Amino acid sequence: MTVLARRTRPGHTVALSISGAVLAAIALAAIAPDLLATHDPLLTDVRSALQPPSSAHWFGTDQSGRDVYSRVVFGAGRSVGIGLLATGLALFVGVIAGSLSAVSPRGVDAAAMRVVDVLSAFPEFLVALLVVAVLGPGPTNIAVAVTIAAVPVYIRLARAQTRSLAATEHVEAARIIGVPALVVHLRHVLPGVLGAVSVLATIGIGTSILAAAGLSFLGLGPTEPTAEWGLMLSAGRNLLLQAPWVAVFPGLAITATVVSVSVIGRIVRARSEERGA
Amino acid sequence: MSGLRLRGLRVDGPEGAIVRGLDLDVAPGECVAIVGESGAGKSMSARALLGLVPEGLSWSVDDLEIDGTSARSLTERQWRSLRGRRIALVSQDALVSLDPLRRVGAEVAEPVRIHEPAVRGDALADRVRDSLDRVSMSEPDERARQYPHELSGGLRQRALIASALSAKPAVLVTDEPTTALDATVQVRVLDLVRRIADDGVAVVFISHDLGAVARVADRVVVMHEGRVVETGVTAEVLASPRDPVTRELVAAVSHEPLGRAPRTDAPLFTARSVTKRFGERVAVDDVSFEVRRGRTLAVVGESGSGKTTLARLAVGVTAADAGTLSFEGRPWTPDAARGSDRRRVQLVQQNPWGALDPRWSVGRTLTEAVAAGGVRRAERRRAVAALLEEVGLSPAFARRRPAQLSGGQRQRVAIARALAVSPDLLVLDEPVSALDASVRAKILDRLLALQSERDLALIFVTHDLDIVAAIADDVIVMKDGRVVDSGTVSCVFAAPRHPFTRELLAAAGVRPPGA
């Protein structure tokens, strides 16, 4: 007698469509910035420096007279890309390390988990800073740093999922009919682990984008004159009273991206929990 | 008449009617059972009696009177003043229904706090003690301070009943209150339900278990697909059922022993003085048995008696601490079980909901199994179809996912998977205990047919003596890890040696001659 009254949540569909539209625009900007940009993002024009938003320059111009709107559009690829790359790496490394740890001998597993404990004892951003301090600045290093900062959570989840799935009845049943242990792991355990960890990743993307932007704000990522949101924010911070638009628009772009990614991530998670229940 | 009076209950869901016109009268001091298979509309009717129909479903009654109060069109607020005070619900799973973070005493006190705010302090403590006393909880003061997880299943169910009774409702609705309990515990809880009715409460008893119904109910209402198909005095309905649905229900719970001739060939599987410990606890203690081809050994006992551990030892996934297991005369250990004999001993697990990979279609699961059994790629599809037919499912089921199957269908698929590797011995751990009686009977029939077609040896773990009679030749009765009774089914049933066996037989309603 299971009659499920599926609740419809209108709030979800509204949030979903707004976030989806924002992300679609950002994806377009990342893939084909030329379609959206109105100016060359690197073209300096000192005569029209620090102009407020107008029909010619929708988001105004910065201190070198570059079009802020076009720079925001061109920055999308790099800013979002670093976050995506970092999350993807963290997912990949996390699933492999976590599920290996789960099936390793107890001593190895315990040692690996203590390393994870140490990493997760520090705030993610601090770990990322530390890694950049060791590796040196640069966009690739930022991605690596954000990966290392984010990976403990993925390792932990992947390990827990592996252990609980490996103990389920259907996995045992496959082993008992004589399917080799490694094959059982690849066929029945890993796909489930990947599913659970991917859901976490959709929420993690937002955090990673933010961390990456934070690092380039501190000047540890791409360097001038590259269009990157964190860097633009940093360049505009001294002009906040004089020409707020220089910092506000890249800031809004970061906020909109992170909020949209998180909203969609949460909806994905809610859906997958509903399915699991 | 006070008590409960219901006329014309209808509950409609998105996929059609769930309850199509139920009338019910329960007088104070009377216990009326609603029986039927899952999906018959019993639980939904129970919920409707308390105004607890889930959101998204619509329901209506021509008349509903609870303890003299009309409840035909009440607001949620009015319902809340009725629930607990006039009518209360005891549901199936006490572990889920009791708040794990609250002490039993607080749980029992809650209805009183809500409905009689004047009762406080010592008076409230007295009420809690009275309620726990009423359900025969020993040491009520100590129990009140405990958390649900500290109590056994039977005590938890008693605590739940105590909390339902604490505000002294006139009507008590119990939804499968004993299904999750062991047979001997079940009997004690059933006796309690009967006593509550004798004290003047109108009791509605929802169950799929006719044995339980026979023990407590004065009258019985049989439901099928939302309709009442038969109603009458319990003893009369059970003795001479008129409706085919009732007849099937009654037939499913009464079995004569099989009485197959014993086989004299060498045993296929033997256990000699097998012992298994988990830390200090001895799960299986000095157990010996033999199984022959084409015959069934039933392993009977309550939860915690070591049945499942014994099944796992037999399958070769757990190592024995002492004693020997042998398969065709060769030692059978987890190491041996990893070798070429792996597929010859197979397991069917208890829980049909966890036994199949939820992401995989039935076809994919079975294909993996026939591949493990060495069937060549080109022939796998045909082998899967043949297996499905063997367990009584159409080959079209190969495309379904576990979520699209009923419990019985899942268990058939699990049996098909175990058969895919052509085993000689099949170990079944409570394979039908999660299923309805008529589904259970069909699966047992299928198993018996498969057994004679394939000359299969079966080890059948169960807590249900009816099933033992239906399928087994020999039986061992386990208690606290030890075998307390063993022999052929007819001998053990006719002349149980151990008091525990007698208690089990009595709980199952089997009356040994002279006892």
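Predicted model: local features only at pLDDT ≥ 70, side-chain atom pairs only at ≥ 80, totals over all residues.

**Starting at one glycine**

I picked B:Gly408 and asked what it touches. Leaving out neighbours within four places in sequence, I found B:Gly408 in contact with B:Leu435, B:Val439 and B:Ile443.

Where does B:Gly408 sit? I traced it to helix H16 of chain B. Is B:Gly408 buried or exposed? I found 21 other C-beta atoms within 10 Å of it; the cut-off for buried is 20 or more, so B:Gly408 is buried. I also checked the separation between B:Gly408 and B:Arg134: their C-alpha atoms are 38 Å apart, and along the chain they are 274 residues apart.

**Chain B as a whole**

Next I zoomed out. I noted 20 helices and 21 strands in chain B. The chain splits into domain 1 (1–86 + 171–254), domain 2 (98–168) and domain 3 (269–507). I then looked at the radius of gyration, which is 25 Å for chain B. A compact globule with 515 residues would come out near 24 Å, so the value for chain B agrees with that.

I also wrote down that 51% of the 515 residues of chain B count as buried. Then I turned to contacts in chain B between residues at least 6 apart in sequence: 68% of these join residues at least 24 apart.

**A covered helix**

How many of its residues are buried? I have nine of nine, so I put H12(B) down as mostly covered. The buried residues include B:Lys307 and B:Arg312, along with B:Leu310, B:Leu313 and B:Val315.

**The nonpolar core**

Here I started from a general idea: in soluble globular proteins, nonpolar side chains tend to be buried together. Then I looked up the largest nonpolar core, which has 241 residues. Which members touch the most other members? They are A:Tyr154, B:Val204, B:Phe205 and B:Ile459. The largest share of this core comes from helix H8 (residues 181–217) of chain A, with 16 residues.

I followed up on B:Phe205. Leaving aside neighbours within four places in sequence, I found B:Phe205 in contact with B:Cys31, B:Val32, B:Ala33, B:Thr174, B:Val193, B:Val213, B:Val216 and B:Ala217.

**Where the chains meet**

How many residues does each chain bring to the contact? I noted 29 residues from chain B and 15 residues from chain A. On the side of chain B that touches chain A, at least two residues each come from helix H1 (42–49), strand E17 (345–348), helix H14 (362–372) and helix H16 (407–420). H14(B) gives the most, with three residues. Sorted by kind, this side of chain B has 13 nonpolar, nine polar and seven charged residues.

The peptide bond from A:Glu224 to A:Pro225 is cis, with omega near 0°. I placed A:Pro225 in the loop between H8 and helix H9 (229–236) of chain A.

A:Leu50 has a phi of about 55°, and it lies in the loop between helix H2 (33–36) and helix H3 (68–103) of chain A. With 15 other C-beta atoms within 10 Å, A:Leu50 is partly exposed.

B:Asp480 has a phi near 50°. I found B:Asp480 in the loop between strand E20 (474–479) and strand E21 (482–488) of chain B. B:Asp480 is partly exposed, with 15 other C-beta atoms within 10 Å.

**How confident is the predictor?**

I checked the scores last. Chain B averages a pLDDT of 89, and 98% of its residues score at least 70. For chain A the mean pLDDT is 87, with 95% of residues at 70 or more. Residues 1–8 of chain A have a pLDDT below 50, and this stretch has 13 contacts in the model beyond near neighbours in sequence.

Technical notes:
Residues numbered from 1 in each chain as written. Chains lettered and ligands numbered in written order. Contact = placed C-beta atoms within 7 Å. Helix = DSSP H or I, 4+ residues; strand = E, 2+ residues; numbered from the N terminus. Nonpolar A, V, L, I, M, F, W, Y, C, P; charged D, E, K, R; others polar. Domains from an automatic or database assignment. Rg over C-alpha atoms; globule rule 2.2 N^0.38 Å. Buried ≥ 20, exposed ≤ 12 C-beta atoms within 10 Å, placed from the backbone. pLDDT = per-residue confidence, 0-100. Core = buried A, V, L, I, M, F, W, Y, C linked by C-beta atoms within 7 Å.
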